[in-house]
Structure formats: structure tokens, C-alpha cells
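Q: I'd like to go through this one with you, residue by residue in places. Could you take my questions as they come?

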Amino acid sequence: MPKIKPSINYTNRDFESIRTDLESYVKRYYPDNLKDFTQASFGALMLDTVSYVGDMLSFYIDYQANESFLETAMEFDNVLKLSNELGYKYKPYPSSFGVCNFYITVPSETLYQGPDNDYNPVLKKGSTFISTSNTIFTLLEDVDFSLSENTILVAEQDSDSGAPTSYAVQSAGQIVSGELAIQEVLVEEFEKFLRIPIDGENISEIVSVFDSNGNQYFEVDYLTQNVLYVPVLNRGSDSSTVPYILKPVSVARRFVVDSTLDGVFLQFGYGSDEIPVSLKDPSEVVLQLHGKDFVSDTAFDPSVLNETDKLGVVPSNTILTIIYRINTNSNVNSAANSVTGIGTVDFQFTSPENLDNAKMDSVRNSLAASNEDPIVGDVTVVSSDEIKLRARGHFATQYRAVTKQDYISIVYNMPSKYGKIKRCIVELDSDSYNQRNLNMYVISEDTNDLLTTTNDTIKSNLKTWVNQYKMINDTVDILDAKIANIGIEFRVLAFPGTNKYDLLNECTTTLQTVFDKTFYIGEPLMITDVYQTLKSVPNLMDVISVKIVVKNGGSYADSPIKIEDVISADGRYVVPPSDTIFEIKFPNADITGTIE
């Protein structure tokens, strides 16, 4: 008698369905071997064990399949890896930028006709300053107190004659969050794809990498990138207006920075010093026919002007000196007038050998600092869903800005060392005669993760960053998005016998959780979502009304809107203007309700 081929149902994948199918299988094909299927029997034990293993295997197969695609991945680490394949660079520790004012007291000249300029020093870049929250900031440029545009006021006067004896000089300079750290790494034998971990946390930028022979290694976006455009000091007659000239430089020694949840790493290629790499003439590599009378590939990447398949030179038998900037706090934004502490400073006098040491010490000790405007650039960690959207948008840009989404993706992918933008939107300027003029509205976060105006330093960095990718006939105006602080007021009805105090507290807490988010610029607030959220609260009979109100005065922004002007005709949603962003600034106070 031929053996009956078992009938297996491959659609059963969870514990209960697998066990039911196994029990039917045993009863059908082994009726004489196993008859007892009670809960305490050995047969039940075997069926439960096999069903348990089957359920676990099914779960991990589904999990592995889901985590292999960006759309369905849920683990943050997997989302980062998949986004990296699309070219998205995750920068977890952005820097904050701003302008700080510096004040010194300079002795007057012998004839009391003004400050003695010999005692006007230069505050050197690299000097550090400390905020009230113990965040360290580093000066990015030299501050010259002898410049004519500096503000000068009388500080002290002679008690008898009233003649000024010292003057207060004010100047300003750009500062960035973080302090410099140095790590020396001994590299021994040649190793392909050398990967070096960087010590420390909150690393925002790799400043420089040199080996013991004086060779510099350059940071690139990708190891296939062979040419960088670096600023070279302009010594021509127009150096006063153009201090630097951009020059293409071949970088055989290069690395990429890989930021992961485990830390920051320097990744090198697999070339050696024995393979020379020189700068090519662009005319020699644009079209490579090699004896052919036709061209099959007309694409050309202008950032790759030389040829090598080694992905850069790997350091070997040397000591690498890595200088990097590390943030001292997890949140490096600082409020106005908070950067007042003096850290390590370096003054340079023109001819110190001809000056009085006591007076120079007096000038050094008189240094004071303060920032008039908030220093921003740090933003809260983006979620997995937001990374997915940014990665897809970045992949679609192909390193050029043509569409609206291209511009937005490029803004969000600006390196964190230049500051970060929390929200951005791009609109065509309909009022301009130039139909290629675009308005880019941006907003940042302050020290409390609340929306604030983006400062001029970050805007300047953003302008330089966007100019690399924009279309040649596009003009882009970077503008401040307007903030509209709003609140939610609701009335609900409880079932009889319900503790109204607890129910009202639960309704408020639920709304605070749902709306604890940062809106996008121009994003509407759906009033129907408020109704739906409240109706999901247990023991709530009905929602009587929901009202959206504008918050003004005090700590709130001056709202540019009125609710009656932006609410829809059917009262289902409120839509801000395209340059305005909603913010529920203080959810505990701005979301209130009454219960009946």
C-alpha cells in the first residue's frame, strides 16, 4: 500500500494554529501511538514544545524580513544602517553657533587722548568660554580689539581732573559649542580598511588628522571622493575683499567619519603609500573613449577628477594625531547673556617686550564676555520615522537641488558641525518678478527644546551649504519662520459615578502625550484628532467642545495669526500660513479642560 503523503498547512504560523494543526496531524497519521491529549499528558507537552519553537521561529523570520527594509524596520540601529545605504549621514551630536561680545579695559595714552593702542591685543581663536549651564564654547576666529569699528567707552576717570585713565573696548567674534580634544593612535602594520574608534562621547567634529611624518588626512563624504576644494590664502591685490581662493586639491590620504550608536569611527580605504595619486586634468577624464567612436556613458561626476580604485591611502607604521571637538553637555544651546564665564584664553600683543607687564596683566584680567542673542544649533534626536523620510529625500536629491523636497533634504543633511535646523520649508516667492526666487523658512530649538529663531551664523553656514547644490538660475532667500503659540481648551461629559478629577487628569495627560511633538512649518492642527483622542479615554461619555486658542504675551511669541482667520469653514482644522509653525509651548498649562 503506497504511503500517504501528509497534508501540511504552511499558513499556520502562531502558537495556537500550529498546535491545532499538529494535534490534527497526530490524530490522523498516528492514531494508535498517541491518544491522550489532555493538558497534563506527555503528548500535550510535546505538542506545546514544538508549537512554541515554531512560533518563535516564525516570529524571528518575520522580524528579520521586516528589519531588512527601510519602510518596515523598527530598530533604530537598523534604520540607521539602511539609511546609510541611501547616502544619509547620521550626525547625533550637532554643534551650536553664535556671536559673543568681548570686553577689555585698556589704559589711556599719556596725554589722555584715547586708549593706548599698543595695549589693544588680539584674542586668539581657540580660546574657551563657559555658559551658566557649564557648556564650553570655543572661539572660531581672532578678535582684534584695535579695529576702528570696535565700540570704545570711557571706563575710569581721574578723580581730580576728570581725565579718562582707561577705556572699555568692545569687539565680537563667532563661537561654537565644545572644546578641542587630542587623541594619539599608534598604527602598526598596513591594514586594509583600517577603522579607528575615537575616545569620548558627544563628538561633534573631527578637526584634523596628521601622522608623525606631517602628512594630513582629509575628511570626505565618501572614500571614492578624490578631490576637495580647500581655501587658500589670497595674496593678490584684492585680498582685502577676497581673503581666500578655492583650489581643487587631490587628497590621496582621506577618511570618512562613521557615527553610530556605539561611537564615532574613522574609516580608511585600502591603498598604500606605494601607489601615487595625482591630480588629473578635467579635460582628460570627462570623456574616455579608449579608441571607441561612441560614448555609452554620458554621466560625469565633477567631484571625482582623478582615478584610483584604492579608496585612499591607509596610514601605517606611524602615530596618528587626531584633534576633534567634543561637546561637554548633551544640550549645547545657550540662552541670551548666559556665556559669561572665562575659560582658557590666549592674548597676543603686538610688541609685548616694549610694554609694561603690569598693564598687560590688567588688560588680560579685565576680559569679560556675553552673548546678546541665544546660541542655537542643537536639536532633539530625530525619531526613526523622521530618519526614514530624510533618507528617502536625501537619496532622491542626487546631490542637486531641483525640487522643493530636494532643498529641504539638503538643509536637513547639513553637517552637524555647522549647526542644525529643526524645521524647514521652501516656497516659491510669488511676489517676486523673478520666478526662480525661492523663500526658505527655517526655525531652530533653544536650550529647553522649544522653538526659537535661527541665528545669523547658522543662516550663513546654511547659505554656503545650499549654494553647492542649488540650480544656477535659482536664488534662495533664507527667512525666519514665524511661531504661533497655541493652546487647547476642551469640555467633556463623564459617566455618572465616575471620579471626575481623575478622569479630567487622564484626558489632559492623554492630550499632552499625543501633542508632545514639533509641528512642521505650515502643518495644520486637526481638531478632529483632539476629539478622537479624548473619545479613546475610558469612562468618558462624550466630548462637548474643543477650542483652539492663541497664546500671546509673556514667554509666548507674538502670534501673527488669529484663529478665526485660519480655521476651516466646517471647524475641523486650523491651518497656519505657509511661513508659520504651530507650537504648544507649555503643554501642562496650554492644554486645559473642564468636565461635567
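Q: Is Asn 202 buried, partly exposed or exposed?
A: Asn 202 is buried, because its relative accessible area is 15%, where buried means under 20% relative accessible area, exposed over 50% and partly exposed in between, using a 1.4 Å probe and protein chains only. Keep in mind that this is a predicted model, in which local features need pLDDT of at least 70 and side-chain atom pairs count only at pLDDT 80 or more, while totals for chains, interfaces and linings use all residues. Residues are numbered from 1 along each chain as its sequence is written, and side-chain values use heavy atoms, with hydrogens and water left out.

Q: Where does Asn 202 sit, and what is its phi?
A: Asn 202 lies in the loop between strand S9 (195-197) and strand S10 (203-210), strands being DSSP runs of E with at least two residues and helices runs of H or I with at least four, numbered from the N terminus. The phi of Asn 202 is near 55 degrees, a positive value in a residue other than glycine. As background, most residues other than glycine have a negative phi.

Q: And what about Asn 337, buried or partly exposed?
A: Asn 337 counts as partly exposed because its relative accessible area is 49%. Asn 337 also has a positive phi, about 60 degrees, without being a glycine, and its place is the loop between strand S16 (318-326) and strand S17 (339-342).

Q: Switching topic, which residues touch the most other members of the largest nonpolar core?
A: Leu 525 and Leu 534 do, in a core of 36 residues; a nonpolar core is a set of buried Ala, Val, Leu, Ile, Met, Phe, Trp, Tyr and Cys residues joined through side-chain atoms within 4.5 Å. Among the elements that give two or more residues to this core are strand S24 (482-494), helix H9 (500-514), helix H10 (527-535) and strand S26 (540-550), and the largest share, 7 residues, comes from S24.

Q: Which residues does Leu 525 touch?
A: Leaving out residues up to four places away in sequence, Leu 525 touches Ile 486, Phe 515, Phe 519, Val 530, Ile 548, Tyr 573, Val 574 and Phe 582, with contact meaning heavy atoms within 4.5 Å.

Q: How many disulfides are there?
A: The structure holds 0 disulfides, a disulfide being a pair of cysteine sulfur atoms within 2.5 Å. As for individual cysteines, Cys 424 is buried because its relative accessible area is 6%, and Cys 507 is buried because its relative accessible area is 0%.

Q: What polar atom does the side chain of Ser 127 lie 3.1 Å from?
A: A polar atom of the Ser 127 side chain lies 3.1 Å from the backbone nitrogen of Asp 346. Ser 127 itself counts as buried, because its relative accessibility is 2%, and it is found in the loop between strand S2 (122-123) and strand S3 (128-131). Beyond its neighbours within four places in sequence, Ser 127 is in contact with residues including Phe 137, Thr 138 and Leu 139.

Terms used:
A polar contact is a pair of N or O atoms within 3.5 Å; within protein, one must be able to donate a hydrogen and the other to accept it, and residues adjacent in sequence count only if both atoms are side-chain atoms.
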